[in-house]
Amino acid sequence: MSALPPISIEESNDPLATPRRVALVRPDTRPAVRRREETYVMTFPHLVVREIILFQVVTIALSIAALLFDAPLQGIANPTETPNPAKAPWYFLGLQELLHYFPPVVAGVLLPGLVVIALVVIPYARINLSAGPLWARGGPRLLAAITTAIVGVAAFAALFDCWPVAVPTLAVGVVMLAARGGERGSRFRRALAEVTLPEWIMTWFVIVASVLTIIGTFFRGPGWSFVWPWASFRSW
Amino acid sequence: MRAPTVGGVSAWLRETSVYRSIVRHGVADTNLNRSLVVMENLFLHVHPVKVRAKTLRLSHTLWLGGITIACTLILYASGILLMFYYHPSVPQAYRDMKELQFVVDDGLFLRNLHRWGAHLMVFAAFAHMLRVFYHRAYRPPRQFNWVVGVVLLLATLGLSYTGYLLPWDQLAFWGVSVGTNMVRAAPWIGEPFRFLLLGGHVVSENALLRFYVLHCVVLPVTLIVLVSIHIWRVRKDGGVQGPPEDDASSPSAGEQP
């Protein structure tokens, strides 16, 4: 910080010559004001060359993949012949798996809608901006609230027999509660104790979404029944 | 007389009046000209002239946004080539897949590249979003760019999904049928929106044409505009942010004597 230019104060009675400037630096100020003393390098060539190399690496990797693996192509579309199961692309299979448990309006509209809204509001919610470690502050009431939330979500999922949501929720919940009071434990426990509430929620979401997508992709066969991925049946 | 070298020829070329009318600055061997390379180029000027040295480290961003952009460029290039061989009609669309496979030189390679590039783009965009979240890079002043990023993720999914129908095979037809049936569940707007999307009540030739136009015109143009805003905002918001810096997260903390 020492390399920043010293603040100089000029005094004058001529407002046209020396305009008075009052600077109030707030946390949400423009980034230029927040610039810190750091080592800078020229964008060209340092960044541009790296971007070109990255593009080449991705191109080569995708070309090798395209030489080794062929894109799937089945028979011509036939509206009268429904494959069993009919699967959406992989990134929607988590949703399709949810559709197996919940009514369409919940699985197809409500839950994805909530996810999108939750993603959009992340930077505007105070909890995401000022959150410290989850258990750093707050006593028994926080513990009760968190426990209620975990059990509530898991119970709601279990109500619909949706174990791919209920089980990971409980698993994440147990780790979350175990992180309480870990400040003086091992390095791993100290790291867990540092996790903020938004990070717990996102981690929970990623785990649940991954479990649903993996089950939908690899473990679902005719009639959306549970099959092992190595069973002879393949839909894709 | 000395034989001309590559370096000599290119140096001479860059001093010609025609070249200098296109690129006004000289060889980028000074920091001034290196600045001009960025400032005087429509495409590079989304970048600042200088970047923080540590943002170039792999651990800072894992280059995930860059991988997504690289996929985008590869997909535009391979997609335009595929368009030369594709008719969005039934049953010609499916026959064109067979043409690509058996008749067109490197047709299958082109389709493979487009397919795997699309998968990587969806995956890299997700990973980029998670990286930004765990680095808390959505915090002020970057709030709005996070929102642009969420819209970009939805546009990416839309591109991938509309492209999924185009081969017009069983996989495409039923994949899209399953997905658009979910839309129907939305109260009030579900059924009209699905009709608008498909141009009918079932996935048909009309749906193929609509998905084709969305996939090749509407969504790619939307993506270009949004990506431009996204990268330009990175510059405006003070450059890419990597792992949270201890004292830097609050601007006043580090500046006190």
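A residue is called buried if 20 or more other C-beta atoms lie within 10 Å of its own, exposed if 12 or fewer, and partly exposed in between, with C-beta atoms placed from the backbone. This is a predicted model, in which local features need pLDDT of at least 70 and side-chain atom pairs count only at pLDDT 80 or more, while totals for chains, interfaces and linings use all residues. Residues are numbered from 1 along each chain as its sequence is written, and chains are lettered from A in the order in which they are written.

**Chain A**

Chain A contains eight helices and one strand, where helices (H or I, at least four residues) and strands (E, at least two) are DSSP runs numbered from the N terminus. Along the sequence the pattern reads β-α-α-α-α-α-α-α-α. Of its 236 residues, 19% count as buried. Two residues are in contact if their C-beta atoms, placed from the backbone, lie within 7 Å. Among the contacts in chain A with a separation of 6 or more, 62% are between residues 24 or more positions apart.

**Interface between the chains**

In all, 74 residues of chain B contact 67 residues of chain A. On the chain B side, H7(B) gives the largest share, 13 residues. That side is made up of 50 nonpolar, 15 polar and nine charged residues; Ala, Val, Leu, Ile, Met, Phe, Trp, Tyr, Cys and Pro count as nonpolar, Asp, Glu, Lys and Arg as charged, and the others, Gly among them, as polar.

The strands of the two chains also meet: S1 of chain A (residues 40–42) pairs with S1(B) in the antiparallel sense over three bridges, pairing being assigned if DSSP finds at least two bridges between two strands. A:Met42 has B:Lys50 as its bridge partner in S1(B).

Helix H6(B) spans residues 92–102, and its buried residues are B:Ala93, B:Tyr94, B:Asp96, B:Met97 and B:Leu100. These lie on the same side of the helix because they cover an arc of only 155° around the axis, the arc being that of the directions from the helix axis to the C-beta atoms. B:Gln92 and B:Phe102, on the other side, are exposed. The cover over the buried residues includes helices H7 (107–134) and H11 (205–236) of chain B.

A nonpolar core is a set of buried Ala, Val, Leu, Ile, Met, Phe, Trp, Tyr and Cys residues joined through C-beta atoms within 7 Å. The largest one has 77 residues, and those with the most contacts inside it are B:Cys71, B:Met121, B:Leu165, B:Trp168 and B:Ala172. H7(B) supplies the largest share of this core, 12 residues. Leaving aside residues up to four places away in sequence, B:Met121 touches B:Thr68, B:Cys71, B:Thr72, B:Leu75 and B:Thr156.

**Backbone features in loops**

Most residues other than glycine have a negative phi, and most peptide bonds are trans. The table lists exceptions.

| Site | Feature | Value |
|---|---|---|
| B:Val90 to B:Pro91 | cis peptide bond | omega near 0° |
| B:Pro140 to B:Pro141 | cis peptide bond | omega about 5° |
| A:Asp161 | positive phi | near 60° |
| B:Asp106 | positive phi | near 55° |

B:Pro91 is in the loop between H5 (64–83) and H6 of chain B, and B:Pro141 is in the loop between H7 and H8 (143–165) of chain B. A:Asp161 sits in the loop between H5 (140–159) and H6 (163–178) of chain A; A:Asp161 is exposed because 10 other C-beta atoms lie within 10 Å. B:Asp106 lies in the loop between H6 and H7 of chain B, and with 12 C-beta neighbours inside 10 Å, B:Asp106 counts as exposed.
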